[in-house]
Amino acid sequence: MLKTLRQIRRTGIVSEPVPAPDDALRIRAALEGRILGILGRALAVRMVDAGSCNGCELEVNALTNPIYNIEGLGVHFVASPRHADLLLVSGPVTVAMREPLLRVYEATPDPKLVVAVGDCGCDGGIFGCGGPSLGAVANVIPVDVAVPGCPPNPNRLLAGILAALDPSAALDVGQESRGRAE
Amino acid sequence: MGLKDWLAVSVPFADDPAIRRLRVGAPEWRRLAEDVAASGGRLLALWGQDATAGHPAVFAAYQTAAGLWVGELRRDVPEAPDDSYPGLQDLYPFAGRLQRAIRDLHGLRSSDPDDRPWLRHPAAQAYEFVRVEGDGVHEIPVGPVHAGIIEPGHFRFSVVGEKVLRLEARLGYTHKGIERRFADFGALDGCRLAARVSGDSAVAFSWAYCIALEAQWRVAIPRRAQWLRALALELERIANHLGDLGALGNDAGFAFGLAQFSRLKERVLRATESTLGQRYPMDWVVPGGVAHELPGAAATALDRCLADVVAESGVLRGIYDEHAGVRDRFAGTGAIAPELAARLGLAGLAGRASGQAHDLRIDLRYPPYEELRPAICGALSGDVAARVAVRFDELQESCRLVRRILAGLPSGDSRVAILPPSSDGFGIGAVEGWRGPVLVALATAAGGRIRRCHPHDPSWQNWPALEHAVIDNIVPDFPLINKSFNLSYSGHDL
């Protein structure tokens, strides 16, 4: 026990400052300010891997380490879509995951946000779209923000999540989804 | 026949006497498998191809005392009356699912009885799980979407109270057609796709791919490039082991472990980014060598980072070892005894924790490991505690290897030009990734097109073993046992 406490003391606080929301990642201004007012900065996130190579999951996991400390921002990962405000979805969506992803989306209470993660979540990435790969997450469910990268690093993921959440950003950004990130 | 007789009828791949090819008929396909098993060899991979790759065939890669052998059974001349090839499931239990995958992907049927679809999920057909009958038995279906930040798959538990009688996995949810996708790439670009078969093993897959390519195109890569590839492979092992050690502490109810190890992992990832240009070195290993030279000051910073990791993980190991609650959850949980591990073909890290002393870096002595001489790490108890202990040992050993590489990096080029030859080729590459033996079989056509590529992840060997490991354990221990194997879904589902 003493060793544990000593290690905690020696480690100290290692969390880093938060990156600014990145509006370049926004592809759909779906939410009214009213909804964001309700969510504030206490956000429940459900991660769904819809067919990725597991690289994106490694970086999403890193968000919970003490350095990015996403829970310190009021964002926490939940075990059920029924508890979630936001879905974080990595792709490419496979044929076998289409139905489960749709069911997760339906099980998530309105209002809800969707952030597509990684090059494959944005447009199918290296796996493309064809055969058992349905490509982009936006091909299956509506997407608010897409975060490219292979895999996107935790700061980029955080910026993407904050872009989906930030009410001031929502006022600036205009129209409906263009389907995918540039 | 003994191994010697098989050796006499085999031919070397691309002049490498340690990798040999055997073209066989159906009866010999079976006899070869029997003789390799009898001599203590093991099956590394089993895959098929259809007419799109030239001719339909099934292949089996074995690790024998005489090196790596690849048996090939052509299926364009059907011999058996029912048109199935001899199954190998009784000799190598995990072959069953590979044979089902071959049937899904290429339509070639084995003689083994289980012919349920595996990677393909036909919409009109409900999957038939094996039912456990009896008083008080009920089923718990879990997945494909899981509660944590992990990949999708379905687990069907048959339980009495909280005790697991049987677990059956249903995988294939991340099947995205990787093998067929390879044909859309030139052989030089295919390396990038290989790195994304299982993102956590990017270096292992891209290196195995490059070995297969460079062997058939007869390209000798510089010694410095070999060392720089090993640098990345060991960093990948370090990062994954750190991540798992933290997650295992967390699953045992010790969140302190997750906080500490995920902090160390982040440090390693950042040092990796400063050195190799990417947190996860997806595109570090390239045909002909590595992507670029090391930046000037990076080596010193990386060395210092790893010195800290060695020291801090030593302290944390002491804390894990002395924590009564953690020990109680780890010891005896999810055990696979060495005899069962040998029977199941348990591979890689999990195999070494169950007394299976296999490590391709040591067994095949491929460069630069014949110079670096890694120590094999192992344990006998085969439980979660053993898989934790092997991770701790390998973490230390890999840190030592990386520091040794940084100190003794040979001079010279880190990459050579590589051009497609004017003839067809076929090559095999095998690398010991952090999870276990990764194998890539690659066939190229003149001009550098990919005819066929099969990447094999050791998760194929170990998923069926996980089902044995949980028998008689309680349901709440499943996440801990599962994490102690940490198998790839994507690498398996292709």
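Predicted model: local features only at pLDDT ≥ 70, side-chain atom pairs only at ≥ 80, totals over all residues.
**Ground rules.** I kept local features only at pLDDT of at least 70 and side-chain atom pairs at 80 or more, while totals for chains, interfaces and linings use all residues. Residues count from 1 along each chain as written, chains are lettered from A and ligands numbered from 1 in the order written, and side-chain values use heavy atoms, without hydrogens or water.

**Helix pair.** I looked up helix H7 (residues 223-251) and helix H15 (residues 384-408) of chain B, which pack at about 150° with axes 9 Å apart. That angle makes H7(B) and H15(B) roughly antiparallel (the term covers angles over 145 degrees). By class, I noted 17 nonpolar, three polar and six charged residues in their contact.

**Ser84(B).** I found Ser84(B) in the loop between strand S5 (67-74) and helix H3 (95-106) of chain B. Its relative accessibility is 6%, so Ser84(B) counts as buried (under 20% relative accessible area, 1.4 Å probe, protein chains only). Beyond neighbours within four places in sequence, Ser84(B) is in contact (heavy atoms within 4.5 Å) with Arg75(B), Arg109(B), Ser110(B) and Ser111(B).

**Aromatic rings.** I got 20 aromatic pairs over all chains, with ring centres within 6.5 Å as the cut-off. Tyr62(B) and Tyr92(B) form a tilted pair, 5.9 Å centre to centre and 45° between the planes (stacked is under 30 degrees, edge-to-face over 60, tilted the rest). Tyr62(B) sits in strand S4 (residues 57-64) and Tyr92(B) in the loop between S5 and H3 of chain B, 30 residues apart. Tyr62(B) is buried at 0% relative accessibility, and Tyr92(B) is buried at 6%.

Definitions and conventions
Axes fitted to C-alpha atoms, helices over the stretch in contact; angles between N-to-C directions. Helix = DSSP H or I, 4+ residues; strand = E, 2+ residues; numbered from the N terminus. Parallel < 35°, antiparallel > 145°, perpendicular 65-115°, else oblique. Nonpolar A, V, L, I, M, F, W, Y, C, P; charged D, E, K, R; others polar. Buried < 20%, exposed > 50% of the residue type's maximum accessible area, 1.4 Å probe, protein only. Phe/Tyr/Trp six-rings, centres within 6.5 Å; stacked < 30°, edge-to-face > 60°.
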